[in-house]
Amino acid sequence: MLSAKFDEYKILIDEYINNYFNMRKSDNKSINAFIDAVLYSYNSGGKRIRPGIMLMISDLIEIEIRDIMPFAAALEMIHTYSLIHDDLPSMDDDDMRRGKPTLHIKYNEGVAVLAGDYLLNEASEIILDDIVSSANTMNKLKAFKYLYNSSGLEGMLGGQVIDIEDNDSMSKSEVLRMYEQKTAQLFKVSCVIPGYLKGLENYKIDKLEELGKSIGMTFQLIDDLLDREEDEEIGKTTVLSILGLDETKQLIDDYHRKSKALLVDFGFENSVLSELINSLVLRSI
Ligand code: GRG
């Protein structure tokens, strides 16, 4: 069980995003119905791990909540868009997510495609609105660039491009690279953006990036362990199918140890972030 502090972060994020989208409603019924569809997807039970980590690190290095919130919201918007598009018939073709009908099932494919586009668009607008009206412009622009680089071809989107290819013949390093792009890159964003906003030196940014990678890889490898039977049935190539159970567990252990060592480096070992990393490994959240 995570401490109540994580729930407080979740509540902050959810209030902020719901408020943001509700403010976008107008006197146009179709637009309002579309925003409700986006909110259906957003409010369908996500864990908010990525923005949660961002807020935890911000607290630890003393970033004001009002400065980090647009970035935390943008990150969760991009994550939500990726899940909506990933569920589409042309991608993973999933009817259910988080125990509820996916957006294209509840509404239709057109709404789901546009909802993903809209979330990606809004993620940049929410940050730009903040940048034009606040100080610390250069650090915020660096953070903005990092977010979009991470969600694009060199990050999540590129990982998805590789994943939808016929990937039967992938080597261990190729699958790990694909995981790093598709999953770990957004965890790097969670860790690195507070560092940019604080104006930390490059070597500390690099360490935060390593921390994000270790958390993200741990998260994805455990996801593979949990989905093992299902993936075997459909013959999906994963790290497990390439490395086998023992080596995958060893890899999880290595990444977990690495993230704990990095937490010690930063003096974050007795934090809610440390609890979160442990509970990811135990999958108790
Ligand atoms: C469509 C450009 C594009 C990319 C999609 C992230 C992704 C790429 C697809 C999602 C499918 C998937 C299994 C990704 C691996 C990462 C993962 C396990 C995502 C689910 O993250 P959680 O558990 O989701 O944090 P919740 O439901 O808690 O928000």
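**How the ligand is held**

In this model, an oxygen atom of the ligand lies 2.7 Å from an N or O atom in the side chain of H79, a polar contact (a pair of N or O atoms within 3.5 Å). The protein covers 90% of the 710 Å² of accessible area that the ligand has on its own, with areas taken from the Shrake-Rupley method and a 1.4 Å probe. The model is a predicted one, in which local features need pLDDT of at least 70 and side-chain atom pairs count only at pLDDT 80 or more, while totals for chains, interfaces and linings use all residues. Residues are numbered from 1 along each chain as its sequence is written, and side-chain values use heavy atoms, with hydrogens and water left out.

Two further side chains come into view here. An N or O atom of K47 is 2.6 Å from a ligand oxygen, and for the side chain of R98 the corresponding distance to a ligand oxygen is 2.7 Å. The ligand is surrounded by 16 residues, the closest being K47, R50, H79, D86 and R98; here, near means having a heavy atom within 4 Å. This shell consists of 3 nonpolar, 7 polar and 6 charged residues, where Asp, Glu, Lys and Arg count as charged.

Which helix gives the largest share of the shell? That is α4, with 6 residues. At least two shell residues each come from α4 (65-86), α9 (172-198) and α10 (202-226); helices are DSSP runs (H or I, at least four residues), numbered from the N terminus.

Methods
A polar contact is a pair of N or O atoms within 3.5 Å; within protein, one must be able to donate a hydrogen and the other to accept it, and residues adjacent in sequence count only if both atoms are side-chain atoms.
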